[in-house]
Amino acid sequence: MVTVPAEPHQPARLLARTDIPGPRRAVVKIGSSSLTRADGHLDETALRLIADQVAELLRQDWDVVLVSSGAIAAALGPLGLETRPRDVPTQQACAAVGQTLLATAWAAAFGAHGRRSGQLLLTEADVIRPDTYRNVRSALEAMLAMGVIPVINENDTTATHEIRFGDNDRLAALVAQLLGADLLVLLTDVDGLYTKNPADPDAERISVVDDFAALVDVKVGSVGSKVGTGGMVTKLDAAHHAATTGTATVLTRASRFGEAVSGKDVGTFFPAQTGRRRSRLVWLRYATRGAGTLRLDEGAAAAISSRRRSLLAVGITAVDGAFSAGVPVDLAAPDGTVIARGLVAYGSEDLRVMAGLTTAELRERLGENYGRSVVHRDAMVILGSPLRPTDASA
């Protein structure tokens, strides 16, 4: 086994495997490949094993939220499809069938333990705006208070490419952040993160990742299974997100679920970072996608990315999309690269008039209310991939 050492600048205090405080709250994500058989039908035995372990956690006074993939995969067999469809309309049709099958299967599995589950389907639009973000959290808290096991999935029936989370690993990390979970469990079809392709005889399991920067030389693939959309890259991104927002993560095979939550050395453990986290900026980075895009000139892009300055109207060259004041927007450099995201102080119609004008010109032409910054630096987060893995498979 390999333990990746922490860099000196990392927080000194990190949650250990056996250091999850009580009362404990866990978000458990299970992938499509772990829930379906080779013939394209749901693997009810696998569902029951997961439900058995969740029921045991509930008996130990855990709160458990399940993020379950598998809606589209569950419909492949019943609909006579061999592989996951690529076009959105067929995916949506499959999801409509599969969501019913999946919810029914989970209800039966938990019902065997006298437990009730409830389905919650989300799109990215549900967590873009603060008001709907809070509504999702309130609904989940109410379900947990009533003893209901929330079973969350992306709403593939209505989601389009533009409003998708992209994978349930990211969704699970967002739910963990939203609920302040102590532990995120990512269940998949591999034992954990390895130094290279697990099929390679020289591959070693990485037991603990204290510092994500130390993974720079680890070869990680980016392609999911034939029935899913994720891969190891999305799982590492989810673990990074969780660690940043105070949630420890365990990545392991679904069959080792029980061992993982009991603190045994299975899979790969990502300790939670401690310390103050600016929740609004974390939300901007992970839980949102810009409602529009402000294209910047070179000077404004440099001021934001290098000197973390607020964005003024004079640095805007174009406004893409239609949006109101107060929503997240992406800030793009001249080459189109999105470099930051922030809460905009003006709507898109006003900004098209304001673009390129200095503060003095705005006040003279439009009034004093137009003299403030378009995106203040305190409501802005600089974007950049926390992980830059290689293209090799894992």
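When I speak of a polar contact this morning, I mean a pair of N or O atoms within 3.5 Å, where, within protein, one atom must be able to donate a hydrogen and the other to accept it. With that in place, let me start at Lys235 and Asp169, whose side chains are joined by a polar contact of 3.3 Å. Please keep in mind throughout that what we have on the screen is a predicted model.

Lys235 lies in helix α6, which covers residues 232–244, and because its relative accessible area is 8%, Lys235 counts as buried. Asp169 is buried as well. The two residues also form a salt bridge, with 3.3 Å between the closest N and O atoms, and this pair links distant parts of the chain, since Asp169 sits in helix α5, residues 168–179, while Lys235 belongs to helix α6, 66 residues apart. If we set aside residues up to four places away in sequence, Lys235 touches Lys29, Asp169, Leu186, Thr188 and Leu251. The C-alpha atoms of Lys235 and Ala172, which are 63 residues apart along the chain, are separated by 9.8 Å.

Staying in helix α6, we also find His241, which counts as buried because its relative accessibility is 2%. Apart from its neighbours within four places in sequence, His241 is in contact with Ala173, Leu174, Gln177, Val282 and Tyr286.

Let me step back to the whole chain for a moment. There are 11 helices and 14 strands, and of the 394 residues, 51% count as buried. Among contacts with a separation of 6 or more, 75% are made by residues 24 or more positions apart. The chain exposes about 17500 Å², and carbon and sulfur atoms supply 49% of that area.

The structure holds 12 salt bridges, and I would like to show a few others. Asp191 forms one with Arg253, the closest N and O atoms being 2.9 Å apart. Asp191 is in the loop between β6 and β7, and Arg253 is in strand β8, residues 248–253, so this pair ties together parts that are 62 residues apart in sequence. Both ends are partly exposed, Asp191 at 24% relative accessibility and Arg253 at 31%. There is also a network of salt bridges that links Arg25, Asp63 and Glu141.

Now to helix α1. It runs over residues 44–59, and its 16 residues reach 22 Å from the first C-alpha to the last, close to the 22 Å expected. At its start, a side-chain oxygen of Asp43 comes to within 3.2 Å of the backbone nitrogen of Thr45. Which elements do the buried residues of α1 pack against? They pack against β2, β3, α3, β5, β6 and α7; the buried residues include Leu47, Ile50, Val54 and Leu58.

Glu56 and Arg59 both lie in α1, three residues apart, about one turn of the helix. As a general point, an α-helix has 3.6 residues a turn, so residues three or four places apart point the same way. The side chains of Glu56 and Arg59 meet in a salt bridge of 2.9 Å, N to O, and both residues are partly exposed, Glu56 at 29% and Arg59 at 49%.

Two backbone angles deserve a remark. Most residues other than glycine have a negative phi. Asp61, however, has a positive phi of about 70° although it is not a glycine; it lies in the loop between α1 and β3 and is exposed, with a relative accessible area of 61%. Arg308 likewise has a positive phi, near 55°, in the loop between α9 and β11, and it counts as exposed at 53% relative accessibility.

Finally, on the surface, Leu79, Leu81, Val97 and Leu101 form a nonpolar patch, with about 270 Å² of accessible area together. Of these, Leu101 is found in helix α3, and at 34% relative accessibility it counts as partly exposed.

Methods:
Residues are numbered from 1 along each chain as its sequence is written. This is a predicted model: local features need pLDDT of at least 70, side-chain atom pairs count only at pLDDT 80 or more; totals for chains, interfaces and linings use all residues. Side-chain values use heavy atoms; hydrogens and water are left out. Helices (H or I, at least four residues) and strands (E, at least two) are DSSP runs, numbered from the N terminus. The expected span of a helix is 1.5 Å times one less than its number of residues. Buried means under 20% relative accessible area, exposed over 50%, partly exposed in between (1.4 Å probe, protein chains only). Contact means heavy atoms within 4.5 Å. Patches are made of residues with over 30% relative accessible area and no salt bridge: like charges are joined within 9 Å, nonpolar side chains (Val, Leu, Ile, Met, Phe, Trp, Tyr) within 5 Å. Accessible areas come from the Shrake-Rupley method with a 1.4 Å probe; for residues, only the protein chains shown count as cover. A salt bridge is a side-chain nitrogen of Lys or Arg within 4 Å of a carboxyl oxygen of Asp or Glu.
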